[in-house]
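Q: I'm new to reading protein models. Could you walk me through this one, feature by feature?

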Amino acid sequence: MTVSVPVLVGAAVAWSEGCRVAGSDSRPTAATPSEVPSDVMRARAGTAVSLPVPLVALWNVRDGLLTESGVAVYSVGCIGERNATYEVAQYAPGFLLIGDDSGGRGFLLRLDDPGSAVFSSDLGDLDPADFDVVAADFASWIESLGPDPVR
């Protein structure tokens, strides 16, 4: 299956290292083919789930991002820790926490649907019955983040 994920060309993002965001001097770089498979394998091991294809496609371009408005898509090195911290497997089985808005709301994808909508939830209430749909699919959500001005 081929998945198209818009690349935020020229977008200003802060490079995510682990779960910290490096300074604004850091720039996202394209991942090299030798880095991506091993990093994704570690992320799979860290989450114990099959990672959504659209998310892996984004990681092939950049390893997570943080927009100027504070929306983060977790990096390969961070996603397992974030899902464990928020106990997503326990409170929202079948979902994967993929990012947050830096203000207490998380963004999630369904694990059983490659074309999953992107859901939003308060990180203190991960009951799927309370999730809001914020985009029809991952690609349109990424596109909706728009190119941010250079910091």
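A: In helix α5 (residues 138-145), phenylalanine 138 and tryptophan 141 sit three residues apart, about one turn of the helix. This is a predicted model, so local features need pLDDT of at least 70 and side-chain atom pairs count only at pLDDT 80 or more, while totals for chains, interfaces and linings use all residues. Residues are numbered from 1 along each chain as its sequence is written, and side-chain values use heavy atoms, with hydrogens and water left out.

Q: How do phenylalanine 138 and tryptophan 141 pair: stacked, tilted or edge-to-face?
A: A pair of aromatic rings is described by the distance of the centres and the angle of the planes. Rings of Phe, Tyr and Trp (its six-membered ring) pair if their centres lie within 6.5 Å; planes under 30 degrees apart count as stacked, over 60 as edge-to-face and the rest as tilted. The structure holds five aromatic pairs. One of them joins phenylalanine 95 and phenylalanine 131, edge-to-face at 5.0 Å centre to centre, with 85 degrees between the planes. That pair links distant parts of the chain, 36 residues apart: phenylalanine 95 is in strand β5 (residues 95-100), and phenylalanine 131 is in the loop between β7 and β8. Your pair, phenylalanine 138 and tryptophan 141, is tilted: 6.0 Å centre to centre, 50 degrees between the planes.

Q: Why does phenylalanine 138 count as buried?
A: Buried means under 20% relative accessible area, exposed over 50%, partly exposed in between (1.4 Å probe, protein chains only). Phenylalanine 138 counts as buried because its relative accessible area is 2%. Tryptophan 141 is buried too, at 3%. Phenylalanine 95 and phenylalanine 131 are also buried.

Q: Which strands does β7 pair with?
A: Two strands pair if DSSP finds at least two bridges between them. β7 pairs with strand β6 (residues 105-110) in the antiparallel sense, over five bridges. Here glycine 106 has serine 121 of β7 as its bridge partner. β7 also runs antiparallel to strand β8 (residues 132-135), joined by three bridges. There, phenylalanine 119 stands opposite valine 133 in β8.

Q: How many residues of β7 are buried?
A: Four of the five residues in β7 (residues 118-122) are buried, which leaves this strand mostly covered. As for rings, Phe119 belongs to one aromatic cluster with Phe95 and Phe131.

Terms used. Helices (H or I, at least four residues) and strands (E, at least two) are DSSP runs, numbered from the N terminus.
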